[in-house]
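The following account leads a new reader through one protein structure, step by step.

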Amino acid sequence: MPTSDDVRRLAEQLMAELSPQQQQMFLGAIGADRSMALIENALRIPEPVVGDAPTSIRGFRVRLDLVGAKPPVWRRFELPGDLALDRLHVVIQAAMGWFDGHLHRFRTGSDPRSPYFVTPFDVEEGEDGVLEDGVRLDQVLTGKGDRLWYQYDFGDGWDHVLAVEAVLDEPPAEVRCTGGRMACPPEDCGGIWGYTELAAWVRGGCDPASVPPPFEDTGHARDWLPLDWHPDRFDVEEANTALTAVAAPVPVAGELAALREQLERGGNRALTQVLARSASPAAVEVSEADAARLIKPYLVLLDLIGDGVRLTSAGYLPPALVEQLAERTGVAGWWIGKANREDLTWPVAQLRDSARALGLASVRKGRLAPTALARRCRDQPSALWRHILSRLPVGRTEFDRQAGWLALAVVGSGSPAEEWTSEIRNLLLGLGWRVEGSPVLPAVAVVSPTLDVLELLAGKTHRGRLTGTDPAVAATARAVIGPDL
């Protein structure tokens, strides 16, 4: 349905094209409430035509192209005719490589004002129409050459066209990607024009002298781009692995499953895809040596505080102990400054706070001391590691719990550490979290005690800036999000 803004814009356009005399007549007609009705009728988009479902199910070989991409970015699929459009959306997201963090729409024509199918999100916003989840592919496509348009992210405006190459007498037993070319553009890169500039820059060797906007320098651009992204790379096996992973929901713990359901009700399957990635890696066994390596910062803290240490009058660790912690955990190797005051050395403060949140240390009568469990298990890394698993996610507020589960999902999916914050932020935005009073919207701060724990396990005290993927850390997160924990 047209909005008041649509009506106003069209009215202004019409007024600009009229003579002064015609403008007076037009305004008089509006006063009589006649022309406005004509404008609204002109703006009204008809509902799409949906055929009857065939009595026998056939299959389709189709090609999906990203409109405007040069060289072409495309995927070829074999699809069963009874595939519902909401599931086709999932197929496109997985095989293309999108993260499903934005709205989408199926249309029956290339014009943005062509008839379209509504999503559950549209319905929640009060819109009427034909729901995509009640329409099969073979009700909108019937023969070779038929087309269906798919738009993703109304801001960047990624338009795709799905064209039938052949009708198959026998439907495939499962959705298959049989070919393709080029990598999916990075999310939120400014649409086809921003992608074209990025792709040319990467193909040209990432010349520091010609970094495309809005990046400040080469480092900024590389940090923002997906790890090892190259526009010319496509692997059909990876696409099919992604399709297999999204074929059925991955079983996860109850709170995380509820967050997934909440996002899906709004048409956002980003968390569903993150969890699907967590099911893809081969099982990793966390050995005793792995456990000792992961929890090393906590072992150092427990060793240094011994049976307990008195805090300063302000409640901080003594400066000499802060220096020892910074040295033995590796913080001193990259921290700027003396690293002898806890309030000015946040990695040390983060470690102490994290140990308390995990039940490894407690403060009583001005003394920081190990808990009974920590004393009992300080020489058993695997036991301490399992205890840490049992306490995740940490935090009592609704935000801390949700951000914690999302952090575990992202880390468990195998995402490289440099992408953790941006992925968690996008999921939090999808759940409706915002920074109150922020001048820049949408915005949400990723401050999570659970993410702090995962970063400490990944070696942040030693390296400062985390990069890449640690299989043992990913396996730790996956062990927490499983339904049995």
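This is a predicted model: local features need pLDDT of at least 70, side-chain atom pairs count only at pLDDT 80 or more; totals for chains, interfaces and linings use all residues.

The paragraphs below treat the nonpolar cores, a helix, a sheet, the aromatic rings and the salt bridges in turn.

In soluble globular proteins, nonpolar side chains tend to be buried together. Here the largest nonpolar core holds 77 residues, and the members that touch the most other members are Leu-271, Tyr-298, Leu-317 and Trp-420. The element that gives the most to this core is helix α17 (residues 398-412), with nine residues. A second, separate core comprises 53 residues, among them Val-90, Cys-206, Ala-245 and Ala-276.

Tyr-298 belongs to helix α12, where the buried residues are Pro-297, Tyr-298, Val-300, Leu-301, Leu-302, Leu-304 and Ile-305. This helix, residues 296-305, is thus mostly covered, with seven of its 10 residues buried. Beyond its neighbours within four places in sequence, Tyr-298 has contacts that include Leu-351, Ser-354, Ile-388 and Val-453. Just after α12 comes Gly-306, which takes a positive phi of about 55°.

Attention now turns to a sheet. Strands of a sheet pair through backbone hydrogen bonds, either parallel or antiparallel. In this model, an open sheet of three strands runs in the order β8-β10-β9 with antiparallel pairing. Its edge strands, each pairing on one side only, are β8 (309-310) and β9 (361-364). Between β8 and strand β10 (residues 367-370) there are two bridges, in the antiparallel sense. Opposite Arg-367 in β10 stands Arg-310.

Trp-98 is in the loop between α4 (85-96) and β3 (104-107), while Tyr-152 is in strand β5 (residues 147-152), so that the pair links parts of the chain 54 residues apart. Both partners are shielded: Trp-98 counts as buried at 1% relative accessibility, and Tyr-152 is buried with a relative accessible area of 0%. Ring pairs also bring Trp-158 into a cluster with Trp-98 and Tyr-152. Charged side chains meet rings as well. Arg-63 lies over the face of Trp-74, 4.3 Å from the ring centre, and the charged end of Arg-277 sits over the ring of Phe-99, at 5.7 Å from its centre.

Salt bridges complete the picture. Side chains of opposite charge can pair when their charged atoms come close. The count for this model is 17 salt bridges. In one of them, Asp-159 meets Arg-107 at 3.2 Å, N to O. Asp-159 lies in strand β6 (residues 158-168) and Arg-107 in strand β3, so the bridge ties together parts 52 residues apart in sequence. Asp-159 is buried, with a relative accessible area of 17%, and Arg-107 counts as buried at 1%.

Another salt bridge pairs Glu-255 with Arg-401, whose closest N and O atoms are 2.4 Å apart. Because Glu-255 lies in helix α9 (residues 254-265) and Arg-401 in helix α17, this pair ties together parts that are 146 residues apart in sequence. Glu-255 is partly exposed, at 38% relative accessible area, and Arg-401 is partly exposed at 23%.

Key. Residues are numbered from 1 along each chain as its sequence is written. Side-chain values use heavy atoms; hydrogens and water are left out. A nonpolar core is a set of buried Ala, Val, Leu, Ile, Met, Phe, Trp, Tyr and Cys residues joined through side-chain atoms within 4.5 Å. Buried means under 20% relative accessible area, exposed over 50%, partly exposed in between (1.4 Å probe, protein chains only). Helices (H or I, at least four residues) and strands (E, at least two) are DSSP runs, numbered from the N terminus. Contact means heavy atoms within 4.5 Å. Rings of Phe, Tyr and Trp (its six-membered ring) pair if their centres lie within 6.5 Å; planes under 30 degrees apart count as stacked, over 60 as edge-to-face and the rest as tilted. A charge sits over a ring if NZ of Lys or CZ of Arg is within 6 Å of the ring centre and within 35 degrees of the ring normal. Two strands pair if DSSP finds at least two bridges between them. A salt bridge is a side-chain nitrogen of Lys or Arg within 4 Å of a carboxyl oxygen of Asp or Glu.
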